[in-house]
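Hi,

Here is the structure I promised to send over.

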Amino acid sequence: VIMVKIGASILSANYGHLEKEVKKVEKAGVDFIHIDMMDGHFVPNLSMGIGISKYIKNITGLPTDVHLMVENPDLFIPILADDADMITFHIETCKFPFRTIKLIKDKGAEPIVALNPSTPIDTIEYILEDLCGVLIMTVEPGFSGQKFINPMLKKIDRLKNIILKEGYNTKILVDGGINSETAPKVVEAGADVLIAASAIYNKENIEEAVKILRESAKF
Ligand code: DX5
Ligand code: ZN
């Protein structure tokens, strides 16, 4: 049985009751909290800022993953690293990824690189072994509730083959349009970690929603 990890993206949570919303997914047994930070430049949306990751870290025992959808990640890494267990940066925003990875590691967090749907895998070929994970965006970043982009299954499968062939420990994460229908497909293709916002938070019963997602991803 393949046991995937599940991260709850609070982008679809009720921001007026963040503590309650985080406790709900914690109780439902998710493995970590995914915090989407946007700057209105790299993506056409604004979301949470640095203060939110600090707040979340203080109210939960779960690991946190800050997904930086910003034009200059190096600017923010030093000020948020103390309150993030994992930091995800986009390769499209990064001129010197080895430098960015070092910055994250020096601050004691785990580096994850994210790829937009149309960004080829060979852009990260040489940094792969230095990373804790690769986040394959399965929608264009910026919003929750979008439809899963199907050709990403091919991308996950290719990346998995490279990782296995090279014997790396790098995990594959997926983010965007993940629900009980797409989860089994991405897991079959090689995903190790699922991130979901609307499939968790847009449901009446969150505990049930996490259970359904987890069950759907079992093989
Ligand atoms: C999109 C964010 C995702 C988003 C996923 O830019 O990176 O984390 O919250 O939302 P769903 O699961 O609804 O597609
Ligand atoms: Zn995200």
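Asp36 counts as buried because 26 C-beta neighbours sit inside 10 Å (buried takes 20 or more other C-beta atoms within 10 Å of a residue's own, exposed 12 or fewer, partly exposed is in between, and C-beta atoms are placed from the backbone). Before you read on: this is a predicted model, where local features need pLDDT of at least 70 and side-chain atom pairs count only at pLDDT 80 or more, while totals for chains, interfaces and linings use all residues. Residues are numbered from 1 along each chain as its sequence is written, and chains are lettered from A and ligands numbered from 1 in the order in which they are written.

Back to Asp36: you'll find it in strand 2 (residues 32–38); strands are DSSP runs of E, at least two residues, numbered from the N terminus. Leaving aside neighbours within four places in sequence, its contacts include Ser9, Ser47 and His67, a contact being two C-beta atoms, placed from the backbone, within 7 Å.

Not counting residues up to four places away in sequence, Asp175 touches Leu135, Met137, Thr138 and Ile195.

Cheers

Technical notes
Helices (H or I, at least four residues) and strands (E, at least two) are DSSP runs, numbered from the N terminus.
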